[in-house]
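The stops below are given in the order in which they may be selected.

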Amino acid sequence: MKNIWLNLMALALCFCFSCAKVQKTEVVYLDEYADNQYYVAAYIWPSCHDDPLGHKMLWDEGIGEWEVIKKGNPRFEGHYQPRQPFWGYELDNDPKVVERWIDVATDHGVNVFVYDWYWYENGPYLESALNDGFLKASNNSKMQFYIMWANHDVKYNYWNVHRYKDREDILWNSKVDWENYKIIVERVIQQYFKQPNYFKINGEPVFSIFSIDKLKESFGGSLDETRKALDYFREEVQKAGFPGLHIQWNQGGGSLMSAESAQRFAENVNAMGFNSVAMYNMGGISEDYLVYGANSRAIREQMDAILDVPLFPCVSIGWDDTPRFPAKGVHDVVHYNNTPESFALLLQKAKEYADSHPEQPRLITINAWNEWVEGSYLLPDMKNGFGYLEAVKDVIINGKYDKYKKR
């Protein structure tokens with residue numbers, strides 16, 4: 001009964017927001033989107049290599065978070081743990097590994113990688129996956145990429161509960177001061193934006209930010225001061241020769257908002273000058289993937305109704321972060337109706353949403369390329385094989401379901 005109620009609530013909210021939809025501010029993009037190309041962007045969690053700071057504080061076996069992923073254990077009958085990658089436990093900063101990733105991704109319709117990017121203890125963290133893996137891959141010109149600054153705090157036991165047990169105080173605080181912020185801005189512009197395959201909208205490099213709350217905290221909790229910081233970033237990007245900077249608010253996951261929260265959210269997006277909104281996972285998590293999908297579409301409808309800037313749809317493959325949390329069980333995992341076929345149909349819905357917004361790039365994000373520790377990945381494994389990649393190919397390249405769309 002609970003699932004039925006959730007579905008009815010989601011459908012009702014979709015109807016209400018569709019009826020009450022406000023007229024968006026017109027956004028005019030250049031002719032580069034006239035060819036109806038889809039930009040299918042998969043998030044990369046770059047934890048599976050031997051990072052110096054990670055080795056010191058978290059994973060001393062030299063294989064990064066594979067150390068934790070391999071210790072995943074079943075919590076209920078039929079629970080798929082530990083996950084078994086088809087190509088084994090490969091390091092994500094090996095350019096030969098990433099060359100295969102690029103080939104299989106582009107062959108199946110994924111043409112953008114979004115790298116999670118970190119700054120802790122006054123320096124970069126887990127950067128080698130991008131610097132030494134992707135940027136040194138001989139075929140990386142086939143694939144575009146952009147950065148999502150994953151500026152969230154980390155508790156001691158979050159990324160290695162086996163080492164830190166129940167210790168929940170903060171290992172790394174993601175708050176930065178102006179000095180570090182300026183270093184970040186310069187580093188990102190010089191090291192990434194100037195790469196020929198960095199993803200741009202209207203010539204503007206796209207930079208996504210995960211935690212807006214931590215960003216504001218870095219600048220005294222003030223919307224005005226945060227806006228000044230983002231405007232500084234824009235100015236530096238223009239000095240570097242770009243027409244501007246496309247700053248993306250990454251909403252993470254989330255759930256339906258109250259009317260008051262939704263209004264405040266939209267006002268904050270505008271006040272800080274964000275150019276678009278995306279999500280890291282599609283939101284509305286449920287044990288049942290079909291309910292998860294229905295919830296996510298209701299969330300998308302709500303956000304679409306209130307935003308004056310482009311919203312880019314996200315589709316998740318699943319959710320299972322039990323390797324990180326010993327206390328989690330059956331109710332914390334997406335495990336009903338979680339199939340490549342159901343994912344394909346949700347991706348088709350996201351594609352139709354993109355088609356219905358021709359004024360903006362047809363960018364669709366997928367959670368994720370390699371979130372093994374959270375049970376959401378496109379990479380082939382020993383259970384589903386290449387099923388999720390084939391689903392992307394069916395929807396994006398082959399247009400398998402396009403002729404059956406509602407008219």
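Begin with the pair α10 and α11, whose crossing is right-handed; a crossing is right-handed if the near helix is turned clockwise from the far one by less than a right angle, and left-handed if anticlockwise. The model is predicted, so local features need pLDDT of at least 70 and side-chain atom pairs count only at pLDDT 80 or more, while totals for chains, interfaces and linings use all residues. Residues are numbered from 1 along each chain as its sequence is written, and side-chain values use heavy atoms, with hydrogens and water left out.

**Stop 1: α10 and α11**

Select residues 259–271 for helix α10 and residues 289–306 for helix α11. Helices (H or I, at least four residues) and strands (E, at least two) are DSSP runs numbered from the N terminus. The two helices pack at an angle of about 55°, and their axes are 10 Å apart. Axes are lines fitted to C-alpha atoms, for helices over the stretch in contact, and angles run from 0 to 180 degrees between N-to-C directions. α10 and α11 are therefore oblique to each other; under 35 degrees counts as roughly parallel, over 145 as roughly antiparallel, 65 to 115 as roughly perpendicular, and the rest as oblique.

Now display the side chains of Ala 262, Phe 265 and Ala 266 in α10, which meet Gln 302, Met 303 and Ile 306 in α11. Contact here means heavy atoms within 4.5 Å. The residues of this contact divide into five nonpolar, one polar and no charged. In this scheme Ala, Val, Leu, Ile, Met, Phe, Trp, Tyr, Cys and Pro are nonpolar, Asp, Glu, Lys and Arg are charged, and the others, Gly among them, are polar.

**Stop 2: α11 and α12**

At what angle do α11 and α12 pack? The angle is about 10°, with the axes 10 Å apart, and α11 and α12 are therefore roughly parallel to each other. From α11, the contact is made by Tyr 289, Leu 290, Gly 293, Arg 297, Arg 300 and Asp 304; from α12, by Ser 342, Phe 343, Leu 346, Lys 349, Ala 350 and Tyr 353. By class, the contact of α11 with α12 has six nonpolar, two polar and four charged residues.

Is Gln 348 buried or exposed? Gln 348 is buried, with a relative accessible area of 4%; buried means under 20%, exposed over 50%, and partly exposed in between (1.4 Å probe, protein chains only). Leaving aside neighbours within four places in sequence, Gln 348 is in contact with Val 395, Tyr 401, Asp 402 and Lys 405.

**Stop 3: α4**

Select residues 95–107, helix α4. Its buried residues include Val 97, Trp 101 and Ile 102. Among the elements that cover the buried residues of α4 are β1 (38–44), β2 (112–120), α5 (128–134) and α13 (387–397).

**Stop 4: backbone exceptions**

Most residues other than glycine have a negative phi, and most peptide bonds are trans. A cis peptide bond joins Gln 81 and Pro 82, with omega about -5°; Pro 82 is in the loop between α3 (66–69) and α4. Another cis peptide bond joins Asn 367 and Ala 368, with omega about 5°, and Ala 368 is in the loop between β12 (362–367) and α13.

Finally, select the loop between β2 and β3 (123–125), where Glu 121 is placed. Phi of Glu 121 is near 50°, a positive value. Asn 122 lies in that loop too, with a positive phi near 65°, and at 60% relative accessibility Asn 122 counts as exposed.

Key. The expected span of a helix is 1.5 Å times one less than its number of residues.
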